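Q: I have a new model open and would like a short tour. Can we go through it piece by piece?
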Amino acid sequence: MPVKTKRSITPQDIYSFELVSDVRLSPDGRNVIYAVQHVDRKSEKKYSNLWLAAVDGGEPRQFTFGDQNDGMPRWSPDGSQIAFLSNRADKEKPPQIYLIGMNGGEARPLAHVEGGVGSLSWSPDGKKLLCTVRKTDAEELERRKDEQKKKLGVVARHVERVFYKLDGFGYLPKERTHLWTVDVRSGKTRQLTDHAVYDEYSPSWSPDGRQLAFISNRSADPDFNPDADDLYVMPAAGGEFRRIETPAGSKGYPTYSPDGKWIAYFGSAYPGEWYRNTCLWVVPADGSAAPRNLTEHTDLHIDTGVINDAGAPEFMPPTWSKNSQSIYFQVDLHGSSLLMSIALDGSNLQTLIGTGGALGSYTFDGEQTRLVYFYGRMHDPVQIFYRNLLDGYERQLTRLNQAWLSKIDLGEVEEVWFKGRDGNDLQGWIIKPPGFDPSCKYPSIMEIHGGPLVQYGNYFMHEFYYLAAQGYVVYFCNPRGGRGYGEKHAGAIWGGWGDADYADLMAWADYVENLPYIDPQRMGVTGGSYGGYMTVWIIGHTQRFKAAVTQRCVSNFISMWGSSDMNWVFQETLEAKQPFADMEKFWNHSPIKYIGNANTPTLVLHNENDLRCPIEQGEQVFVALKSLGVNTEMVRFPDEPHGLSRIGRTDRRIARLEHI
């Protein structure tokens, strides 16, 4: 019989992706619930439903059905029910809380809240749910009641706070995010906190259900002191807060130990210095002693920041061992995200799930003898795995995306280590086209990641495989300024974008250019966000690339100050004051300053609803290059936010790839 030839990947394959989120193991360790997102090709709408898989075998089965978005499933403590969020009742409004029995049946709405619900968790006795709620503004509710006002829309926006918009969300409500509980039997809601200026987030229950821990920034003006987070505890029934003394700096995910004596949280003790490692801290729950940084000596950054375009791994709170003597957490390291543990005294650092992929959501059963986890790899966007911690037995529970991926030749991937300008070690990857012939000369594309405080690595990137399928060698690396290689590596460009990072990227281009199968006359470069910044920086500093595609770029720090949803805080990356007080610093690190040197044919891609890097950043590049007579085109995507390449409407994601 003739051997079946595998095909190359196409832009249209994006329609086939099954994206997974919220992987949760039942308390008895027998079943795992998770959400799977799919795209309806006709309407371009995205829907998600819940699926259930038995860890001891059998095919996963769809648990909820319908053209809606079901997500954030959470098991009740006894495993008999699952709480989740769904917009099935009204797709024009934020999702509401539903309950469904473990044995299936009809999901029932638990409560109706006029606002956005998040951070869903059961009380230890299974009688209540704890969540965060940002209520819908009164003016919006009033407008919905009047068809004429609803038709006319917003008349004016009265802005009083500095952070008033958010990319992917739009204009923020005046209402803040507060803590609520919901009675599981009656559906009665109770708002526990309220304030016109302050938010509360990352709430968690104490093991006896009597206390709540949460994070809040209660400085005089949180918008101008964004890292002034504090740890608070309060009675679960409501009442006065008690602040637990902690070092100044950003914080998140406070979690009580099972014995109730400790609270673990993630945080940094360096306000305004984003490049610093996020560390694991513990503090006595009664505040009787100072917090201890358990991971400071490891030079590890706690996160799951492996860039991809096929579903982001979930970042989980710290997870305590059953005996309260160790803590599990996720770490970025050398292009992978790992699951590690450390003892309460900061000793015995261990890796539970190792390198070679991206670990997302993970959960243990009640006895902590079983573990399920989300895992993505270079050749596979995501699968769910089960591991028996007593004997080490492991099983893959899902075969997501395999029906179509098994028919595709993705090409060969090679990992390399090379030296940067300063003798620094750097990690990169090279994707060779399907049917690669080492005796031929290939055009190449260097991809530069955004951030910059993230990493490329051992995770599926549809865009890279698609470009390789067009006959390009695609190569990408983690230059200084990103994560996964320690704090010194991450901080190397703090206050100096365009220096050490540019040098590392040119060292990477040198390495690839000298490979025998690379055509040095046909090298291209592209990147998005910070990668778009570096692309514009590159064409203003060298003519070695024959074509460039800059995507949702930063080009002018001066005009971007105050116009981005991140507002004034971008100045912290430059270690600068406001531009009117430090104009030279802003201008020297703006790629647009050097655009007069450019002659590289360039495509400018930008999204019209990008609030992170406003579209005027791309417009400046386009007009400047046109005025210089450089071969330049611009493609604009209406209605799309900063993250089009990952979360945008599928037909627009496809158009973007085809333009590149």
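Q: How do E37 and E38 run where bridges join them?
A: Strand E37 (residues 602–607) and E38 run parallel, joined by six bridges. Helices (H or I, at least four residues) and strands (E, at least two) are DSSP runs, numbered from the N terminus. Two strands pair if DSSP finds at least two bridges between them.

Q: Which residue is the bridge partner of Leu603 in E38?
A: Glu633 is the bridge partner of Leu603.

Q: Before going on, what sort of model is this?
A: The model is predicted; local features need pLDDT of at least 70, side-chain atom pairs count only at pLDDT 80 or more, and totals for chains, interfaces and linings use all residues. Residues are numbered from 1 along each chain as its sequence is written, and side-chain values use heavy atoms, with hydrogens and water left out.

Q: Back to the sheet. What is the strand order?
A: The order is E31-E32-E34-E33-E35-E36-E37-E38, an open sheet of eight strands with mixed pairing. Strand E31 (412–419) and strand E38 (632–637) stand at the edges with a single partner strand each, so one side of each has no neighbour in the sheet. On average, neighbouring strands of this sheet are turned by 20° against each other, direction ignored.

Q: Which strands does H6 touch?
A: Helix H6 (residues 500–513) packs on the sheet and touches E31, strand E32 (425–432), strand E33 (442–448), strand E34 (473–477) and strand E35 (518–528). The direction of H6 makes about 125° with that of E31. Axes here are lines fitted to C-alpha atoms, for helices over the stretch in contact, and angles run from 0 to 180 degrees between N-to-C directions.

Q: And where does H7 lie?
A: Helix H7 (residues 530–539) lies across E33, E35, strand E36 (547–551) and E37, at about 135° to E35. Ten of the ten residues of H7 are buried, so the helix is largely enclosed by the rest of the structure. Among them are Tyr533, Met534 and Trp537. Buried means under 20% relative accessible area, exposed over 50%, partly exposed in between (1.4 Å probe, protein chains only).

Q: Changing topic: at what angle do H4 and H12 cross?
A: The axes of helix H4 (residues 462–469) and helix H12 (residues 650–659) cross at roughly 40° and come within 11 Å. That makes H4 oblique to H12; angles under 35 degrees count as roughly parallel, over 145 as roughly antiparallel, 65 to 115 as roughly perpendicular and the rest as oblique.

Q: Which residues make the contact?
A: His462, Glu463 and Tyr466 of H4 meet Arg656, Leu657 and Glu658 of H12. Contact means heavy atoms within 4.5 Å.

Q: Now E25: buried or exposed?
A: Eight of the eight residues of strand E25 (residues 336–343) are buried. Ser336, Leu338, Met340 and Ile342 point one way, and Ser337, Leu339, Ser341 and Ala343 the other way.

Q: What are the partners of E25?
A: Strand E24 (residues 326–333) runs antiparallel to E25, with eight bridges, and Val331 stands opposite Leu338. Their hairpin has two residues between the strands, and His334 in the turn has a positive phi of about 50°. Three bridges join E25 to strand E26 (residues 350–353), also antiparallel, with Met340 opposite Thr351. That hairpin has six residues between the strands, and Gly346 takes a positive phi near 85°.
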